[in-house]
Amino acid sequence: MTDTLKPRDAKDVEDAVVWALGEGKTLEVAGQGSKRVIGRPSQSDLTLDLSVLSGITLYEPEELVLSARAGTPIAEIERLVADNGQELAFEPADYGPLLGGALGGGTIGGVLSTNLSGPRRIKSGAARDHFLGVSAVSGRGETFRSGGRVVKNVTGYDLCKLMAGSWGTLGAMTEVTIKTLPRAETEATILLTGLDDRRAAQAMADAMGSSCDVSGAAHLPAMVAGSVAPSGGGKAATVFRLEGVAPSVAHRATVLAGLLKSNGVPEQCEAETSRALWRAIRNVAPFANDNRPVWRVSTAPMQGPVIAGAAAAAGGTCYFDWAGGLLWIALPPSDDAGSSVIRPAVAGCGGHATLIRAPAAIRAAVAVFEPQDAGVAALTRRVKDSFDPKGIFNPGRMWAGI
């Protein structure tokens, strides 16, 4: 078991990194540890536990901005903004149950460092698009700051975009600033049943190309739909979310139902049912109660059915989010967690795949994140060397040797 450093504040974080540099130690950067089992197994000497760096330091609802220490629970932030009629529009996913934990275990630093984004990404963007400012300690033992506390900020390099999705390999974030947005008054979901993957992909493309301002589009094949979709009956469910003020939602629901009627008779789910459905889609609930390897695949929406077909031929099940651009795939247990199925399929269609859930021994042996070509790998190495020349942060978390 690795020893743990538990800094009390940002200065402690800087001191811990300086000490680790001096001692030649490597650090696993962690908050609550809710996503620790994603990525290659830790190869670090110690854990830098940032969970004590918690608390909201600034919230100005009228300015749509919130600052918090990196270890602040995301659930605490979501409750506060909800009490003020606002939300985190990037709709951060909670993978707790998927990874064998509980709901509500993540932190705002973990959400941003992994760039977790839910179904609303197709309308509102990813977590990185709502990331306004950061204070962090680099692998050089230096505190740096980027961005600010205003929504429109153009000062300096936008390092927030670089930190988002870096999985703690470039620095230890101590405080972050994010954008908040008004929460929709209500929502509704339009549901079609019985579509195959290709027809569903076309229906989602039609919906996204319309004026209906769809904020969520997903397809749940029959093997998945029964566990989360309100239609039941063992049929596939293709679902479209509409959010806003009640009159607008009602009007757009009528327009969208008319647009989609050639695919069957559209049904409508009201707000409470709609929220539960999209929460399940966001948190990958269909695959939370088994032990199969789970992959997250991003591709061109119309290519999704091809990858899904390859997974089905190997005995897997999947569902589609982001209007078909995101596939969640569960495959039968194997020595490579299905890498020999997923990697060739993604290479043929374009996109990238991440192994989200698998035993540690498999994650150590196969590529968890999308393998990089020589040019991109060289750029990744230069960025890593700029922020963390001694490689003390999360070594090997994303790719071996980095």
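**Salt bridges in a predicted model**

By the distance rule, 16 salt bridges turn up in this predicted model.

Me: Why is E28 with R36 called a salt bridge?
Reply: The closest N and O atoms of E28 and R36 sit 2.9 Å apart. The cut-off is within 4 Å, so the pair counts.

Me: Are E28 and R36 buried or partly exposed, and how do you know?
Reply: E28 has a relative accessible area of 9%; buried means under 20%, so E28 is buried. R36 comes out at 42%, which lies between 20% and 50%, so R36 is partly exposed.

Me: What makes E87 and R120 a salt bridge?
Reply: Their closest N and O atoms are 3.7 Å apart, and that is within 4 Å, so they qualify. This pair links distant parts of the chain: E87 is in strand β6, R120 in the loop between α3 and α4, 33 residues apart.

Me: How do you know whether E87 and R120 are buried or exposed?
Reply: E87 is at 16% and R120 at 7%. Buried takes under 20%, so both values pass.

Me: Which network of salt bridges includes E87 and R120?
Reply: The one linking E87, E91, R120, R241 and E243.

Me: Why does R381 with D385 count as a salt bridge?
Reply: The closest N and O atoms are 3.9 Å apart, still within 4 Å, so the pair is in.

Me: Why are R381 and D385 separated by about one helical turn?
Reply: Because they're four residues apart in helix α13. R381 has 34% relative accessibility and D385 has 32%. Those values fall between 20% and 50%, so they're partly exposed.

Note on methods
Residues numbered from 1 in each chain as written. Predicted model: local features only at pLDDT ≥ 70, side-chain atom pairs only at ≥ 80, totals over all residues. Heavy atoms only, no water. Salt bridge = Lys/Arg side-chain N within 4 Å of Asp/Glu carboxyl O. Buried < 20%, exposed > 50% of the residue type's maximum accessible area, 1.4 Å probe, protein only. Helix = DSSP H or I, 4+ residues; strand = E, 2+ residues; numbered from the N terminus.
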